[in-house]
Amino acid sequence: MRIRGAKRTTAVTAVLTALLVPLAACGGSDGGSGKENDGQAGDGSRPEQARTVDLKRIPDVGDKLQKQIPAGSRQVVAVYGEGKDSADSTIVLYTKSGSTWDKTRSWKGHNGKKGWTTGHREGDKRSPVGVFTLSDAGGVLTDPGAKLPYTESAGFQAPHYWAKSHWNDFDYVIAIDYNRVKGTSPNDPTRPEGQSKGGSIWLHMDHGSGTSACVSLSKSGMEYLLRTLDPDRNPVVVMGDKADLKA
């Protein structure tokens, strides 16, 4: 086990704890382990190479969520869900230069298998709508050069009684700061707002279908985000179905 980045005693404790209990990831106690195997890993999809367009704001995001993006944020991962009850989404990275945003990269991916919700609860199989900071990363695999603090641990390994298509889901993860303690490993089980609110919601590797509440994209996409998201740029994720995003 290796932790890169700032020294974090709490992170070490959390990882050791996680190694002693079953992994509960992706917003529910079943960790996104749905028995179906209705898709293939997303590594085959090519990211869209986006041109610089000097946007004044994040496209297709209404005032309600736009105002929640911190003024100091210069990196936004926007997750555009296809519909309220859809598991399909498009993930776009926007980077701020001066006073304008540039569309940097985009990928096809997935969200909760039942879609989206503005009131996420444990086990509802829906991803939470909102704006959340991105503070910590980790995974089974060796750090690929992440700028966020990265925890490498076998504690992220998906159980092999899950469908085989899910075994590599957590090779790379980035914690979405929903009901978690910032500055700890993504698999720290602490949930400040209580267990019923759900938690352990991550960006992680895609298995070709919906998740329990996380957002998934290809391995190459995860590697790109890990090498690009920079704590000095205050990265956040803005996520939801298209209708809620525009509200």
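**Packing, strands and rings**

Author: Let us begin with Ile174. Leaving aside residues up to four places away in sequence, Ile174 touches Leu134, Asp136, Ala137, Leu148, Trp202, Leu203, Met222, Leu225, Leu226 and Leu229. Please keep in mind that this is a predicted model.

Reader: Which residues have the most contacts inside the largest nonpolar core?

Author: They are Ile58, Val77, Ile174, Ile176 and Leu225, in a core of 43 residues. Strand β3, residues 75–81, gives the largest share of this core, with five residues.

Reader: What lies apart from that core?

Author: Another core does, made of nine residues, among them Cys26, Ala158, Val173 and Ala175.

Reader: Back to the strand with Ile174. Which residues of β10 are buried on each side?

Author: Val173 and Ala175 are buried on one side of β10, and Ile174 and Ile176 are buried on the other, so both faces of the strand are covered.

Reader: How do the neighbouring strands pair with β10, parallel or antiparallel?

Author: β8 and β10 run antiparallel and are joined by three bridges; in that pairing Gly138 stands opposite Val173. β10 also pairs with β11 in the antiparallel sense, again over three bridges. There, Ala175 stands opposite Trp202 of β11.

Reader: What about β13: which strands pair with it?

Author: β3 and β13 run parallel and are joined by six bridges, with Gly81 opposite Asp241. Strand β8, residues 130–139, pairs with β13 in the antiparallel sense over four bridges. Phe132 stands opposite Val237 of β13 in this case.

Reader: And why is β13 described as largely enclosed?

Author: Because six of the six residues of strand β13, residues 236–241, are buried, the strand is largely enclosed by the rest of the structure.

Reader: Changing topic to aromatics. How many aromatic pairs does a search of the whole structure find?

Author: The search finds five aromatic pairs. One of them is formed by Trp107 and Tyr224, with 5.9 Å centre to centre and 55 degrees between the planes, a tilted pair. It links distant parts of the chain: Trp107 is in strand β5, residues 100–110, while Tyr224 is in helix α3, residues 219–228, and the two are 117 residues apart.

Reader: Why is that pair called tilted rather than edge-to-face?

Author: The planes of Trp107 and Tyr224 are 55 degrees apart. Edge-to-face requires an angle over 60 degrees and stacked one under 30, so the pair counts as tilted.

Reader: What lies over the face of Tyr224?

Author: Arg105 lies there, at 4.2 Å from the ring centre.

Reader: Which rings form a cluster?

Author: Phe156, Trp162, Phe170 and Trp202 are linked into a cluster by ring pairs. Phe156 is located in the loop between β9 (150–152) and β10, and it counts as buried at 0% relative accessibility. Its C-alpha is 9.3 Å from that of Leu141, and the two residues are 15 apart in sequence.

Reader: Where are they, and are they buried or partly exposed?

Author: Asp60 is in the loop between β2 (48–49) and α2 (63–66), and it is partly exposed at 48% relative accessibility. Asn179 is in the loop between β10 (173–176) and β11 (202–205), and at 5% it counts as buried.

Reader: Finally, what are the overall figures for the protein?

Author: The protein has four helices and 13 strands. Of its 247 residues, 56% are buried. Among contacts between residues at least 6 apart in sequence, 68% join residues at least 24 apart. The protein exposes about 10500 Å², and carbon and sulfur atoms supply 50% of that area.

Definitions and conventions:
Residues are numbered from 1 along each chain as its sequence is written. This is a predicted model: local features need pLDDT of at least 70, side-chain atom pairs count only at pLDDT 80 or more; totals for chains, interfaces and linings use all residues. Side-chain values use heavy atoms; hydrogens and water are left out. Rings of Phe, Tyr and Trp (its six-membered ring) pair if their centres lie within 6.5 Å; planes under 30 degrees apart count as stacked, over 60 as edge-to-face and the rest as tilted. A charge sits over a ring if NZ of Lys or CZ of Arg is within 6 Å of the ring centre and within 35 degrees of the ring normal. A nonpolar core is a set of buried Ala, Val, Leu, Ile, Met, Phe, Trp, Tyr and Cys residues joined through side-chain atoms within 4.5 Å. Buried means under 20% relative accessible area, exposed over 50%, partly exposed in between (1.4 Å probe, protein chains only). Contact means heavy atoms within 4.5 Å. Accessible areas come from the Shrake-Rupley method with a 1.4 Å probe; for residues, only the protein chains shown count as cover. Two strands pair if DSSP finds at least two bridges between them.
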